[in-house]
Amino acid sequence: MFQKIIATRSDWAGLVLRLPLGTVMLYHGLQKAVGWFGGFGFSNTMQFFTDTVHIPWLIGLLTIGIETIGAIGLLLGLLGRVNALATFTVMLGAMLTTHLPVGFSMNWFGNQKGEGYEMDLLIFGMSLALLIIGSGRYSIDRLLVQRAGSSEKNPASQPQSQTATLR
């Protein structure tokens, strides 16, 4: 099962998708987690999630974790499909709870009550593509797949079974 989750193509598509997606998500995650880049930090973000958006604190905590740790996983190509699905889920939640009522457009000129859902749609597309194709070239997932493949081709690198040892 784990092999199916980390399986990936060796082309550039996964890399080209996951680097910008991971960068954007990490930027927003660091705003929430530590207050960098003009963010409100962990405590204020959690208060916003629970008091304003009315989501359980656990969902808020998972959101911050996915946007930081999951984004680092995307950048490294580690568990790309898992992190892509988690990112899709976080953005679906953001769209349904916060962005949808504002409308389509992002708040480019500061004259809306918040951000629209246009960026959410881009993130959905990138996440779904990564879910389908995997992390791609230059990813930890690819290294793990290659390592597993080389150990299957080279029986000397595999541990011997109990019966083989007894012979």
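**An aromatic pair and its surroundings**

Reply: Tyr138 is exposed, with a relative accessible area of 59%; exposed denotes over 50%, buried under 20% and partly exposed in between, with a 1.4 Å probe and protein chains only. The model is predicted, so local features need pLDDT of at least 70 and side-chain atom pairs count only at pLDDT 80 or more, while totals for chains, interfaces and linings use all residues. Residues are numbered from 1 along each chain as its sequence is written, and side-chain values use heavy atoms, with hydrogens and water left out.

Trp12, at 44% relative accessibility, counts as partly exposed. A pair of aromatic rings is described by the distance of the centres and the angle of the planes. Rings of Phe, Tyr and Trp (its six-membered ring) pair if their centres lie within 6.5 Å; planes under 30 degrees apart are stacked, over 60 edge-to-face and the rest tilted. By this rule there are six aromatic pairs. Trp12 and Tyr138 form an edge-to-face pair, 5.5 Å centre to centre with 65° between the planes. Trp12 lies in the loop between helix 1 (2-6) and helix 2, and Tyr138 in the loop between helix 6 and helix 7 (140-153), so the pair ties together parts that are 126 residues apart in sequence. Separately, Tyr27, Trp36 and Phe37 form one aromatic cluster.

The protein chain holds eight helices and zero strands, where helices (H or I, at least four residues) and strands (E, at least two) are DSSP runs numbered from the N terminus. Buried residues make up 34% of its 167 residues.

A nonpolar core is a set of buried Ala, Val, Leu, Ile, Met, Phe, Trp, Tyr and Cys residues joined through side-chain atoms within 4.5 Å. The largest core has 16 residues, of which Leu17, Leu21, Met25, Met91, Ile123 and Leu130 touch the most other members. Helix 2 (13-34), helix 4 (57-76), helix 5 (80-99) and helix 6 (118-133) each give two or more residues to this core. Apart from it lies another core, of five residues, among them Phe49, Val53, Ile55 and Ile64.

With contact meaning heavy atoms within 4.5 Å, Leu130 touches Gly14, Leu17, Arg18, Leu21, Leu74, Arg81 and Ala84, not counting residues up to four places away in sequence. Among contacts in the chain between residues at least 6 apart in sequence, 63% join residues at least 24 apart.
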